[in-house]
Amino acid sequence: MGTTTTQGPLYSFYRNRIGEPDTDDEVRGYWVFLVGLLLGIAGLVLFFLSESASGADGFTLREGSVMLLSIGLAMLVAGPIIRLPLQSWATYAAYLGQAICFAAVVWFAVVFPAEWSTLTGNQPVIFLYAAGLAIIALAGVAGSVIGGATREALGVSEQHAAELEAELEATREERETVQSELTSELDEREALVDSLQASQAQFELYEDRSGQWRWRLRHRNGNVIADSGEGYTRKHNAKKGMASVRRNALGATLLEITPEPDEEPEDALEAAPLIPDMTDESRATFELYEDRGGQWRWRLVHDNGNVIADSGEGYASKQKARQGLDSVKRNAGPASYLQFDPASFEIYRDNAGEWRFRLLHRNGNVLGAASEGYTRRRDAKRAIDSIRDDLSDDRFEIYEDNRGETRWRWRGGNGEIVATSGEGYSSRADAEAAVERIQRLAPDADALDVGLAAFEVFEDQDEEWRWRLRHRNGNVIADSGEGYAERNKVHDAIESVKKNAPGATIE
């Protein structure tokens, strides 16, 4: 009897203690067996009590013990059979046999003790009870041997089987893809190791004319390709600087520093983000408080009194605010910078674990976003590439939604919607201007990977520089709270947050 499970205290107990049932009969069979076990135990207790009782009390206890033992035995046998995923007729037969046993017990209550022989009992009552047990047993044997379990009883349909097969095939493809990527990465690392072992350059450690120690890396063709840049007063310190270069250069990332049109290269270099030094103790404290509107908020206050970060939004409960605060403590330190020049694609994973992308302008506005999630990161990357390759007008559709707002969407070569505007526009002209902006910025936009979180630096409508810490699910979990007149100031603020937030105490 493959039926859908219903609700109720008995079903809730089964789900919490045993597991999710496939059918109603699975739960019913469990409770039939459990009740039968309890009745059998009660019958044994009454039987031993009747041994010590005398007169009418002894007969009453003996009658009750026999009735409870008989009912318990029938339920103990029927429960496991009802619980099995058998054909419906086998389950009904188990119920029928149980009902016959109950009828025999009622008949026993009528004839005992006047028509009950201490030696042979009552033959019709015993025969009826035995017939009920036989029907229950035959239902279990015949139901499993002759009928067997049906797909419906097991809760497995053809469609479900096809879905499982498709999921298995997708898992195989994912595994093959991961193995291919790992093999490719391993080959690249082996090639890199081979190249390092066959280095074409060597370090030179020397003392200059002023008595300071320096190092330089010279290629075998005689060219100096790197040097210490500054002198060291001790030879030991020069060796330490050289060792640091050898240790960190291999895994160092590349940060391209591009000055603004009205900015000097030196200023751009000073504004470039640095890896935060996490060795010092935090000099800031998180303050968790309830505002006048009854919402919970947090702020990160430096020991000099400056608020260097806040929640940006209120939370309905203290617990929610604490969770947001913990997310900042966990993610602020390792969060990377997202450099938009002037726009870039972000590739991230949402709460469902699917890969998505969005096109962000450096002013913080989302220009476009993926219409759906992808199971693999490379699929999201391919979708970005397809958009870059063809931004012709016929790929864009401008339409009016149910709320009367104008939106755009981009269709791929197969006709499927790949990207949407994400927000509505008040007029068609605004939507067309948004499409033109996409056509102008998307071809040169970089594709940036977002880890667990990333800092976004942008210029607001008042031409002030701000930052926000965005989780990979798209939620903004912290922001600067105030604007800065110069971009290097906002970078300094971010570095302060990266340095102080992970170890900050909470008040």
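Which backbone nitrogen lies 3.1 Å from a polar atom of the side chain of Asn 414? The backbone nitrogen of Glu 416 does. A polar contact is a pair of N or O atoms within 3.5 Å; within protein, one must be able to donate a hydrogen and the other to accept it, and residues adjacent in sequence count only if both atoms are side-chain atoms. Asn 414 sits in the loop between strand 12 (406–411) and strand 13. Asn 414 counts as exposed because its relative accessibility is 57%. Buried means under 20% relative accessible area, exposed over 50%, and partly exposed in between (1.4 Å probe, protein chains only).

This is a predicted model, in which local features need pLDDT of at least 70, side-chain atom pairs count only at pLDDT 80 or more, and totals for chains, interfaces and linings use all residues. Residues are numbered from 1 along each chain as its sequence is written, and side-chain values use heavy atoms, with hydrogens and water left out.

**Overall composition**

The protein chain holds 13 helices and 18 strands. Helices (H or I, at least four residues) and strands (E, at least two) are DSSP runs, numbered from the N terminus. Of its 507 residues, 35% count as buried. Among contacts in the chain with a separation of 6 or more, 51% are between residues 24 or more positions apart; contact means heavy atoms within 4.5 Å.

**Annotated transmembrane spans**

The unreviewed UniProt entry carries the annotation "transmembrane region" for residues 30–49, 61–82, 94–114 and 126–149. UniProt positions are given in the numbering used here, feature names are shortened, and annotations may be inferred rather than shown by experiment. In the model, residues 30–49 are 100% helix and 0% strand, with end C-alpha atoms 29 Å apart. Residues 94–114 are 86% helix and 0% strand, and their end C-alpha atoms lie 32 Å apart.

Asn 122 belongs to the loop between helix 4 (88–111) and helix 5 (123–147). With a relative accessibility of 11%, Asn 122 counts as buried. Its contacts, leaving aside neighbours within four places in sequence, are Val 111, Glu 115 and Trp 116.

**Nonpolar cores**

A nonpolar core is a set of buried Ala, Val, Leu, Ile, Met, Phe, Trp, Tyr and Cys residues joined through side-chain atoms within 4.5 Å. The largest one has 29 residues, of which Trp 298, Leu 300, Val 328, Trp 467, Leu 469 and Val 497 touch the most other members. At least two residues of this core come from each of strand 4 (284–290), strand 5 (296–302), strand 6 (307–310), helix 10 (318–331), strand 15 (453–459), strand 16 (465–471), strand 17 (476–479) and helix 13 (487–500). Helix 13 gives the most, with 4 residues. Another core, of 27 residues, lies apart from this one and includes Tyr 374, Ile 387, Trp 410 and Ala 434.

Not counting residues up to four places away in sequence, Leu 300 touches, among others, Phe 286, Ile 308, Val 497 and Ala 504.

**Strand 10 and its partners**

Strand 10 (residues 366–370) is mostly covered, with 4 of its 5 residues buried. Two strands pair if DSSP finds at least two bridges between them. Strand 9 (residues 355–361) runs antiparallel to strand 10 and is joined to it by 3 bridges; Leu 360 has Val 366 as its bridge partner. Strand 13 (residues 417–420) also pairs with strand 10 in the antiparallel sense, over 2 bridges, and there Ala 369 is partnered by Thr 420.

**Salt bridges**

A salt bridge is a side-chain nitrogen of Lys or Arg within 4 Å of a carboxyl oxygen of Asp or Glu. The whole structure contains 20 of them.

| Pair | N to O distance |
|---|---|
| Arg 216 and Glu 204 | 2.7 Å |
| Arg 322 and Asp 326 | 3.4 Å |
| Asp 401 and Arg 407 | 2.7 Å |

Arg 216 counts as partly exposed, at 26% relative accessibility.

Arg 322 and Asp 326 are both in helix 10, 4 residues apart, about one turn of the helix. Arg 322 is partly exposed at 39% relative accessibility, and Asp 326 is partly exposed at 28%.

Asp 401 and Arg 407 are both buried. Salt bridges with shared partners join Asp 401, Arg 403, Glu 405 and Arg 407 into one network.
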